[in-house]
Amino acid sequence: MTGSGELSCRAVLFDLDGVLVRSGAVVERSWTEWARDRGLEPARVLAACHGRRSVEVIAAIAPHLDAAAEAARLEARQAADTDGLTRCRGADAVLAALSGAAWAVVTSGTSALARSRLRATGLPVPDVLVTADDVTSGKPAPDGYLAASRALGVPPADCVVVEDALPGVTAARAAGMTVVGVRGPALGPEESPARVIGAVGDLAPRLRAGRIVLLGGTRRPRPGVADTSHDPAHPSRTHAQEAS
């Protein structure tokens, strides 16, 4: 901590969907179509898919299917569907401000899907991009965030993670990293980050003496106490609206 409301670190690790890219329409569309094609209840599938690798979601909700094959088809469909993708508020400015600094994207999607969404929204593909293809255990396991930390050469304790979903928050905490959450119901009432922002643009990063200084957001309300404040540019979403 560098001062009231500020966080200091050497690297920032971003989740992709719901943090840098708004992909809710694509996610809901693809998972709904997949569920109906497989004779599954879409609402149940949508409630389970947020923030986790597709292969692990499918294995959990449809163990009778070949999860790897199903996930490959689903992710390919999503990578080809860019209709409705937009940048989250301030994402371009934040990444521009971090030019020359250490940052990475850690996502539950595949490399092809992540690159497709970054390019479709005009955001840069980072040198360190950790995807579902790079880990054997996805979020909430810490593997992805630890891999990014190693690739950047920055100790976990000096990394700040920006997440919008409980599985990712849990993963980052397990990796020993500080977590800033993007406000929304997907953060969950438990194991939530200590600080919350309305959108990634609120971080307003600055480089100071070789370190990254971020605005740390507001303190997370106590479990069970509703947070009714909303950023008009970042409305509340269902658990299914953003994947990975």
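Modeller: A salt bridge is a side-chain nitrogen of Lys or Arg within 4 Å of a carboxyl oxygen of Asp or Glu. Keep that cut-off in hand, since this is a predicted model.

Biologist: Happy to! What makes Arg208 and Glu6 a salt bridge?

Modeller: Their side chains meet at 3.8 Å, N to O, and the limit is 4 Å, so the pair counts. Arg208 sits in strand β10 and Glu6 in strand β1, 202 residues apart. Glu6 and Arg208 also belong to a network of salt bridges with Arg206.

Biologist: Why is Glu6 called buried?

Modeller: Buried means under 20% relative accessible area, and Glu6 has 15%, so Glu6 is buried. Arg208, at 40%, falls between 20% and 50% and therefore counts as partly exposed.

Biologist: How do you know that Glu70 and Arg38 form a salt bridge?

Modeller: Their closest N and O atoms are 2.7 Å apart, and the definition asks for within 4 Å, so the pair qualifies. Glu70 lies in helix α4 and Arg38 in the loop between α1 and α2, so the pair ties together parts 32 residues apart in sequence. Glu70 is buried because its relative accessibility is 6%, under the 20% limit.

Key
Residues numbered from 1 in each chain as written. Predicted model: local features only at pLDDT ≥ 70, side-chain atom pairs only at ≥ 80, totals over all residues. Heavy atoms only, no water. Helix = DSSP H or I, 4+ residues; strand = E, 2+ residues; numbered from the N terminus. Buried < 20%, exposed > 50% of the residue type's maximum accessible area, 1.4 Å probe, protein only.
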